[in-house]
Amino acid sequence: MGTQFPLTICLIALTFAHVSLAQNSPQDYLGAHNAPRAQVGVGPMTWDVTVAAYALQYANKRIEDCDLVHSGGPYGENLAEASYNMTGAEAVKFWVDEKPHYDYAANECTGKECLHYTQVVWRNSTRLGCARVQCKSDWWFVTCNYDPPGNYLGERPY
């Protein structure tokens with residue numbers, strides 16, 4: 001009996017850990033990206049471990065300050081931060097919610113930010129990697145990187 005009890009506790013703890021991690025899995029990020037891409041006729045993205053490793057490396061650099069400063073790296077990049085336990089899918093929703101500010105006919109933002117949205121739906125960006133960390137300030141930082149990058153001046157995202 002004494003041996004079974006600790007094992008049961010361990011299995012329950014692993015189950016809870018799995019549920020928590022599942023909210024920020026590659027599939028969660030991909031789903032949040034691929035739904036708005038499908039709405040505009042753009043093919044789905046795939047998860048790329050190299051791009052994801054880059055995202056995690058950069059996110060870890062932001063743990064000290066949680067500043068929304070772009071990495072300047074070789075990929076397209078969207079950043080988000082929140083004072084609450086924001087999920088990766090919630091960060092992507094923030095970016096996608098910029099859609100009303102993108103005027104396709106004029107190929108420009110209409111008075112408000114829309115470049116996060118256009119990167120999400122950029123037709124040539126097909127590989128995705130994202131990461132999420134809790135900063136020392138207790139804020140949450142999310143970065144998604146896109147390969148190849150998008151948002152080229154004068155080009156439409158789709």
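Which residue forms a salt bridge with lysine 136? Select glutamate 64: the closest N and O atoms of the two are 2.7 Å apart. (A salt bridge needs a side-chain nitrogen of Lys or Arg within 4 Å of a carboxyl oxygen of Asp or Glu.) Lysine 136 lies in the loop between β5 and β6, and glutamate 64 in the loop between α3 and β2, so the pair ties together parts that are 72 residues apart in sequence.

Before moving on, some ground rules. This is a predicted model, where local features need pLDDT of at least 70 and side-chain atom pairs count only at pLDDT 80 or more, while totals for chains, interfaces and linings use all residues. Residues are numbered from 1 along each chain as its sequence is written, and side-chain values use heavy atoms, with hydrogens and water left out.

**Whole chain.** Zoom out. The protein has five helices and six strands. (Helices, H or I with at least four residues, and strands, E with at least two, are DSSP runs numbered from the N terminus.) Of its 158 residues, 38% count as buried. (Buried means under 20% relative accessible area, exposed over 50%, partly exposed in between, with a 1.4 Å probe and protein chains only.)

**Strand β6.** Select residues 140-147. Eight of the eight residues are buried. In a regular strand the side chains alternate between the two faces of the sheet. Here Trp140, Val142, Cys144 and Tyr146 are on one side, with Phe141, Thr143, Asn145 and Asp147 on the other.

**Its partners.** (Strands pair if DSSP finds at least two bridges between them.) Look for leucine 79, whose bridge partner in β6 is threonine 143. Five residues separate β5 and β6 in a hairpin, and aspartate 138 in the turn has a positive phi of about 75°.

Select arginine 127 and aspartate 147. Their side chains meet in a salt bridge at 3.0 Å, N to O. Arginine 127 is partly exposed at 30% relative accessibility, whereas aspartate 147 is buried at 18%.

**Last stop: arginine 62.** Find arginine 62 in the loop between α3 (49-61) and β2. Is arginine 62 buried or exposed? Buried, with a relative accessible area of 12%. Leaving aside neighbours within four places in sequence, arginine 62 is in contact (heavy atoms within 4.5 Å) with Asp67, Val69, Cys135 and Phe141.
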